[in-house]
Amino acid sequence: MRVLLAGATGAIGRPLTRALLDGGHQVLALARGDGSAAIVRGLGAEPVRADALDRDGLLRALDGVSADAVIHQLTALKSPKRKLTADDPSNVLRERGTTNLLEAADAVGAARFLTQSLVLGYGYRDHGDRFLTEEDPFGVRGGTIADHVITGLSEAEGRLFEARHVAGCALRYGVFHGPGTWFDPTPGSRGVPVPVGGGGVVPWVHVEDAASATVAALEHGRAGEAYNIVDDRPSTWGELAAARSAATGGRAVRLPGWALRMMVPYLGALMLDTRLRVSGAKAARELGWTPRHRDHRAGMGVA
């Protein structure tokens, strides 16, 4: 297929671009500036100079362009912020960005549309030991700072599923680890603090596996469906930090829960309040996808 990709230079966008090209697809990638355009070319894709948040400029840049599918992988999650608000950059990308890219899909004649979502949309709370599936309620707010994230995720999925001109799929990724993420195994990379005691349990996925799942969804995903994209073993934040330390030779920064909440309240909701296990059986069954890195230790390259 000829694919228009938004977010090609991000942590998942780079391996996704390579995976799409390896699968025989052509990739047109949005690039806002010269630096992004150079990265896109280096990956082997064709840059389209446009900003997904500039509707008119985006449509002008796509005048005369055709594509079979659009993939939305835009986020702004480079580092955790002390405060989250309704106009958080990632939310703007998930809401207004999704609207603009859906209009772009219509302009280029795309019949398929994939959007990035997250398993955290099931809710920042203790879900117990049961593995949730795509049939469980999504977009559940809990009255905390994390509600802004949940709103952005549910808005992105809702706008996609309401669109009638494209066959849309939402990919509910686990928390990313791997190059370019908070848990990058590259020596010298910068991590994030984790709670003393390890914190809560959440689903994870290596960015390369997230990329391969996205290609599988592009080729086999059913319209109007969401898919959980996770590895085989939910793990604590402390376990990820320990594996990263083993891979990099560095030391994880561990903070008492009260200090983490005071410094970055969102990390308190994410790392302390959330205990979430999610099943990836639907993706295995319908997309024929299973993760190559079956857990975080394999993803970090440690025994």
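Buried means under 20% relative accessible area, exposed over 50%, and partly exposed in between, with a 1.4 Å probe and protein chains only. The model is predicted: local features need pLDDT of at least 70, side-chain atom pairs count only at pLDDT 80 or more, and totals for chains, interfaces and linings use all residues. Residues are numbered from 1 along each chain as its sequence is written, and side-chain values use heavy atoms, with hydrogens and water left out.

**View 1. A buried charged pair, Arg172 and Glu157.** Arg172 and Glu157 are both buried. They form a salt bridge (a side-chain nitrogen of Lys or Arg within 4 Å of a carboxyl oxygen of Asp or Glu). Their closest N and O atoms are 2.8 Å apart. Arg172 sits in strand 7 and Glu157 in helix 5, so the pair ties together parts 15 residues apart in sequence. Helices (H or I, at least four residues) and strands (E, at least two) are DSSP runs, numbered from the N terminus.

View 2. Glu225 pairs with Lys282, with closest N and O atoms 2.5 Å apart. Strand 12 holds Glu225 and helix 10 (residues 281-287) holds Lys282, so the bridge ties together parts 57 residues apart in sequence. Both Glu225 and Lys282 are buried. Salt bridges with shared partners join Arg222, Glu225, Lys282 and Glu286 into one network.

**View 3. Arg277 and Asp129.** These two residues form a salt bridge, the closest N and O atoms being 3.4 Å apart. Arg277 belongs to strand 15 (residues 275-278) and Asp129 to strand 6 (residues 126-132), so the link spans parts 148 residues apart in sequence. Asp129 is exposed, at a relative accessible area of 63%.

View 4. Seven strands run in the order 3-2-1-4-5-7-12, paired in parallel. Strands pair if DSSP finds at least two bridges between them. Strand 3 (46-49) and strand 12 (225-229) are the edges, each with a single partner strand, so one side of each lacks a neighbour in the sheet. Strand 1 (residues 2-6) and strand 2 (residues 26-31) share four bridges. Leu4 has Leu28 as its bridge partner in strand 2.

**View 5. Helix 6 and the largest nonpolar core.** A nonpolar core is a set of buried Ala, Val, Leu, Ile, Met, Phe, Trp, Tyr and Cys residues joined through side-chain atoms within 4.5 Å. The largest has 68 residues; Trp237 and Phe183 are among those touching the most other members. Helix 6 (residues 207-220) gives the largest share, eight residues. Ten of the 14 residues of helix 6 are buried, so the helix is largely enclosed by the rest of the structure.
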